[in-house]
Amino acid sequence: MSTDAVLYDHPGPRARARNRILTVVFGVLLLALLYWIYSKFDDKGQWAVALWKPFTEASTWTGAILPGLKNTLAAALVAMVLSLAFGVIFAVGRLSDHWWLRLPSGVVVEFFRAVPLLLMMFFIFFGIPFVTEEPMSNFWAVVIALTLYNGSVLAEAFRAGVRAVPIGQSEAAYAIGMRKGQVMSQILIPQAARAMLPVIVSQLVVLVKDTALGYIISYSELLQLGVNNLAANFGNVLQASIVAAIIYIAINATLTAAASWLARRTRRSGRVARPATGRSVLVGVGGAGGEAGAGA
Amino acid sequence: MSVFSDPTNRDVYVTGFLWILKLTLASSVCALVLGTLLAAMRVSPVPVLRGFGAAWVNIFRNTPLTLIVFFCYFGLYSTLGFTTSNDLELNNYWLGVVGLSVYTAAFVCEAIRSGINTVPAGQAEAARAIGMTFRQTLTSIVLPQAGRAVIAPLGSIFIALAKNATIVGTIGLMESSNAMKQLINDNGNAVFAIFFVFAGTFAVVLIPTGYGFGWLADRLAVKR
């Protein structure tokens, strides 16, 4: 492990003995912690079979969890497609030679990255109906808010990626007579997308997690159907939350694993532009939960 | 803007952002302490600690914050009976701080760990070669370089934390997003003005903060 190489000498006999003692001490502490959690659950009767049993019955899954999961994934997929499109359009806008395109694109991207998603969602769901005088569908409130936020973060990722493509690439493209639009769409964007793949996928993980905000405006997603409604029937909010958390973790771990597989693949091909090193570009205000920061 | 000339409405706005400020401050301190501890665990030579740190990060980073905050209220408080204060509002506030902290700590941990990883192994090897002790290597060679590499990611984590603080509204705290919702419902004729004041407050504070962290990170970056 690289961190070991930086921080420690190779352990000698004394260090090994010390590590063994620490392992035992912390192992015991960890077991004590687990027992403490177990006994807290026990005190409140949270191990009762009636609370866990619903999860072994098919009706719980087909009636609550799976429909919720379906709606979560539906909102996430639509928002992913829309925010990728939004991201490309506004990245190109911000890289434009014309100030009247560059400036508004910059304002839009910076603004939507700085506004909390929940604030955006409340405005779309509760505010817009006052203006249009028609009720807002909560599906579209979730999708539009997710698109504006994640699209703006992705726009910055694409922009950083485009700027990291070596200048020779676009010079060569101009030299063989390509137009500006062609250079962008056929030379720069494809290379930027590959270079920024890890950032893009970690933003998609953020997007999946953020669909849970739909619960607050009563969109019937996993948290709403699989935890809130289920717990109303069985009084097992603790158990339902744990099951839902496991489902979210499984989805996101799959996405992350797919991302690192793709990153290994693109690195192996060796034809990818050097990933952007311009840290400051990615600091900004993006990255719900700091994912973009941590993922970059 | 007439909405905000009414003192009651102004009060709703101010209280909303004060909660966000308090949530952000308390949670960033807790998350920084907890995250640093977790990072120390993840790079420690003790496998049990490494496993604990890794489990923490994988669990909390991949769970929606909404679910974590929901769990803090309905699981920890309603079901298991953890209370942090007799005052209902303060109780919700601290439950929110717990949720935000355990979630953000996972990101802080990863940022610090990758900061340590940016220090080339040769630096520590050279330090040992000239006879520095473990403590000297750590405090005068590795950590100063790692600390500078961590500024940019930590900056975006804290900015995200400030925005995520709105999610504590889920458990009934009148923070800015709930405040905005209330004002919108009471003043249907001024929804755009209300939205732009609330969103604008976040933008005006967070955009310069983001550039500030970026500037600081560039300025302090280790030139290699």
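Author: H5(B) passes H6(B) in a right-handed crossing; a crossing counts as right-handed if the near helix is turned clockwise from the far one by less than a right angle, and left-handed if anticlockwise. Helices are DSSP runs of H or I with at least four residues, strands are runs of E with at least two, and both are numbered from the N terminus. This is a predicted model, in which local features need pLDDT of at least 70 and side-chain atom pairs count only at pLDDT 80 or more, while totals for chains, interfaces and linings use all residues. Residues are numbered from 1 along each chain as its sequence is written, and chains are lettered from A and ligands numbered from 1 in the order in which they are written.

The axes of H5(B), residues 121-129, and H6(B), residues 134-164, come within 10 Å and cross at roughly 160°. Axes here are lines fitted to C-alpha atoms, for helices over the stretch in contact, with angles from 0 to 180 degrees between N-to-C directions. That crossing angle makes H5(B) roughly antiparallel to H6(B), a term for angles over 145 degrees.

On the H5(B) side, the residues are B:Gln123, B:Ala124, B:Ala127 and B:Arg128; they meet B:Thr137, B:Ile141, B:Val142 and B:Gln145 of H6(B). Contact requires C-beta atoms, placed from the backbone, within 7 Å. By class, this contact has four nonpolar residues, three polar and one charged. Ala, Val, Leu, Ile, Met, Phe, Trp, Tyr, Cys and Pro count as nonpolar, Asp, Glu, Lys and Arg as charged, and the others, Gly among them, as polar.

Confidence in chain B is lowest in H5(B), at a mean pLDDT of 88, and highest in H1(B), residues 7-42, at 95. The scale, the predictor's confidence in each residue, runs from 0 to 100. Chain B as a whole has a mean of 92, with 100% of its residues at 70 or more. For the model, ipTM is 0.90 and pTM is 0.89.

How values were computed. Angles under 35 degrees count as roughly parallel, over 145 as roughly antiparallel, 65 to 115 as roughly perpendicular and the rest as oblique. Two residues are in contact if their C-beta atoms, placed from the backbone, lie within 7 Å.
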